[in-house]
Amino acid sequence: MTAIYTWDVFSTLDGYGSYGPDGDWGGYWGKQGPEFLDKRLAVISEEQRMVLGANTFRQFVELLGPIPEADLDPVNSRMRSMPTTVVSTTLAGSFAWPDVTVVAGDAVEVVARLKEESEMPLRSHGSLSLNRALMAAGLVDRVQVTIFPVISGRTGTDPIFEGAADFDLELIESRTFDGRTQELIYRPTPHS
């Protein structure tokens with residue numbers, strides 16, 4: 001049986017995954033609410049393996065690694081404790097991350113093998129270039145986009161789907177949290 005692979009990504013309405021040094025938004029663009037945070041914790045508390053690219057993993061280690069466990073919020077505590085596979089040809093050494101495996105090689109081959117061997121679902125958060133390549137190879141089963149109610153036209157960086165192939169999206173689920181944040185879950189198929 002092949003494990004389900006979900007690409008989980010946060011976005012502004014105008015399609016940016018993060019903001020640059022001139023942005024002063026804060027985490028979740030300052031728009032997190034109790035419904036969103038409860039749902040986020042529930043989603044990442046399910047048994048699953050996180051799959052990350054090297055750049056996203058470096059950011060996570062930089063942001064969360066040095067924080068003592070007692071000082072982490074429940075969402076970030078769970079993220080840090082999840083079994084994690086990082087696809088990288090550049091990372092080496094030990095990391096301030098409790099359950100991480102770094103796998104060198106072609107991302108498509110690594111994730112195809114993980115999908116075949118994993119007994120639990122796979123989830124990737126962010127890791128834009130990694131996941132665009134995996135979508136192009138047909139390895140992403142679900143795209144879960146959480147759209148925060150902001151436009152970051154001046155400060156936005158990292159357009160989520162920049163350079164991606166064309167896909168048709170079948171909406172599987174949609175929710176609104178706290179009366180403002182949208183979660184959309186799609187099944188992608190290459191556009192022909």
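Predicted model: local features only at pLDDT ≥ 70, side-chain atom pairs only at ≥ 80, totals over all residues.

Residues are numbered from 1 along each chain as its sequence is written, and side-chain values use heavy atoms, with hydrogens and water left out.

Q: Why is Gly138 called exposed?
A: Exposed means over 50% relative accessible area, buried under 20%, and partly exposed in between (1.4 Å probe, protein chains only). Gly138 has 52% relative accessibility, so Gly138 counts as exposed.

Q: What makes a space a cavity or a pocket?
A: On a 1 Å grid over the protein atoms alone, a cavity is a set of points where a 1.4 Å probe fits but cannot get out; a pocket is an open set with protein on both sides within 12 Å along at least five of seven lines. Lining residues have an atom within 4 Å of a point. The count comes to one cavity of 30 Å³ or more, and the largest cavity holds about 40 Å³ of space.

Q: Which residues line the largest cavity?
A: The lining consists of Phe36, Lys39, Arg40, Val43, Gln144, Thr146, Phe177 and Glu183.

Q: What volumes do the pockets have?
A: The largest pocket holds about 1,300 Å³ of space. Of its 40 lining residues, the closest to its centre are Gly17, Ser18, Thr56, Gln59 and Phe60. The second largest pocket has a volume of about 250 Å³. Here a volume is the space filled by probe spheres set on grid points, which are joined across faces, edges and corners.
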